[in-house]
Amino acid sequence: MNKSTPARRLTAAAMDLAAIRPWHEITWREIAAAAGLTLDTAHELAPNKAAILELLSRQADQAILAAPAAAGDGSARDRLFDVAMRRFDALKPHRRGLASVAASAAREPSTALAALCSVGRASRALLVAAAIPTEGVAGTLRAKGMSAIWLAAMRSFLADESDDLSATMATLDKQLRRAEGLLARLTPRRRQAAAEAAGDEPPPSAAPETVQPL
C-alpha cells in the first residue's frame with residue numbers, strides 16, 4: 001500500500017509492529033511514534049487501536065471501489081471473486097500483522113468489535129464493487145451471506161503464505177460456488193410458493209446461469 005499519506009503511514013506502522021509482536025502488547029502511542037506522527041495528528045485519524053483497524057479496513061475498501069466491476073463483466077460470482085481477491089491483494093502486505101490481530105482478539109474486546117464492524121462494511125463494499133444491489137431486504141441478506149463467505153476466506157488468507165494466495169483463492173471459489181448453488185436451489189421454490197399463494201401457475205424455473213449468488 002502507498003504509505004505517503006499520514007493515514008496510510010499509521011496503518012502500515014500498526015501492521016509492521018503487529019507482524020513482529022503480539023497486537024495486544026502494542027500501544028497506540030507506539031504506533032503513532034512508529035508512523036512518525038504527532039499525537040494530535042494520529043488521534044485525529046484514529047484515536048485508538050480499534051479505530052486504526054477500522055481505518056485499514058476502509059483503505060482496503062477504497063482499493064476495490066476505486067475500480068469497480070461493471071454489471072456486464074461476467075457472472076455475479078466471477079465479479080465477486082475478482083473484487084474479493086483484489087481486496088485480499090490490498091491486505092496482503094499486512095497479512096502477518098492481521099494474523100497477530102486475530103490472535104489477540106480474545107484479549108482485546110475492542111479488537112474483536114472493530115473486526116466485526118469491518119466485516120459488515122467490507123461485505124457491502126464487495127457487493128457494490130461487484131455491481132450487485134445492496135438495497136432493501138434482499139440486499140441485507142446478500143451482505144450477510146457475503147460476510148460469511150469473507151470470514152471463511154479470511155481464515156485461509158491469514159494462514160496463506162503463498163505468493164499467489166492459492167489457498168485463499170480456493171476457499172473463496174468454494175464458498176462462492178456453494179452460495180450460488182444454494183440460491184439456485186432456493187429461488188425456484190420461492191417463486192413457486194409465491195405463484196401458488198397468488199393462485200397462478202408457477203412460472204418456469206430460471207436457468208442456473210441467470211441466478212445471481214447471494
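Student: Why does Met-146 count as buried?

Tutor: Buried means a relative accessible area under 20%, exposed means over 50%, and partly exposed is in between, with a 1.4 Å probe and protein chains only. Met-146 has 0% relative accessibility, so Met-146 counts as buried. The model is predicted: local features need pLDDT of at least 70, side-chain atom pairs count only at pLDDT 80 or more, and totals for chains, interfaces and linings use all residues. Residues are numbered from 1 along each chain as its sequence is written, and side-chain values use heavy atoms, with hydrogens and water left out.

Student: Where is Met-146 placed, and how many residues apart in sequence are Met-146 and Gly-120?

Tutor: Met-146 is in helix α8. Helices here are DSSP runs of H or I with at least four residues, strands are runs of E with at least two, and both are numbered from the N terminus. Met-146 and Gly-120 are 26 residues apart in sequence, with 8.6 Å between their C-alpha atoms.

Student: How many helices and strands are in the chain?

Tutor: The chain has nine helices and zero strands. Read from the N terminus on, its elements run α-α-α-α-α-α-α-α-α. Of the 214 residues in the chain, 43% are buried.

Student: What makes Ala-18 buried?

Tutor: The relative accessible area of Ala-18 is 2%, and therefore Ala-18 is buried. Ala-18 lies in helix α1. Contact means heavy atoms within 4.5 Å. Setting aside neighbours within four places in sequence, Ala-18 is in contact with Trp-23, Ile-26, Arg-96, Gly-97 and Ser-100. Gly-97 is 79 residues from Ala-18 in sequence, yet the two are 4.4 Å apart, C-alpha to C-alpha.

Student: What makes α1 mostly covered?

Tutor: Ten of the 13 residues of α1 are buried. Among them are Arg-8, Leu-10, Thr-11, Met-15 and Leu-17. The buried residues of α1 pack against α2 (28–34), α3 (39–45), α4 and α6.

Student: Which residues of α5 are buried?

Tutor: The buried residues of α5 include Arg-77, Arg-79, Leu-80, Val-83, Met-85, Arg-87 and Phe-88.

Student: Why is Gln-175 called buried?

Tutor: Its relative accessible area is 18%, so Gln-175 is buried. Gln-175 lies in helix α9 (residues 166–198). Not counting residues up to four places away in sequence, Gln-175 touches Ile-149 and Ala-152.

Student: Why is Ala-131 called partly exposed?

Tutor: Ala-131 has a relative accessible area of 27%, and so is partly exposed. Ala-131 is in the loop between α7 and α8.

Student: What is phi of Ala-131?

Tutor: Phi of Ala-131 is near 60 degrees, a positive value in a residue other than glycine. Most residues other than glycine have a negative phi. Leu-165 also is not a glycine and has a positive phi, about 55 degrees.

Student: Where is Leu-165, and is Leu-165 buried or exposed?

Tutor: Leu-165 is in the loop between α8 and α9. With a relative accessible area of 1%, Leu-165 is buried.

Student: What makes a set of grid points a pocket?

Tutor: On a 1 Å grid over the protein atoms alone, a cavity is a set of points where a 1.4 Å probe fits but cannot get out, whereas a pocket is an open set with protein on both sides within 12 Å along at least five of seven lines. Lining residues have an atom within 4 Å of a point. Points are joined across faces, edges and corners, and the volume is the space filled by probe spheres set on them. The largest pocket has a volume of about 520 Å³.

Student: Which residues lie nearest the centre of the largest pocket, and which element gives the most to its lining?

Tutor: Of the 23 lining residues, Leu-98, Ala-115, Ser-118, Val-119 and Met-154 lie nearest the centre of the largest pocket. Elements that give two or more residues to this lining are α4 (49–65), α5 (76–91), α6 (95–104), α7 (109–129) and α8 (136–159). α7 gives the most, with eight residues.
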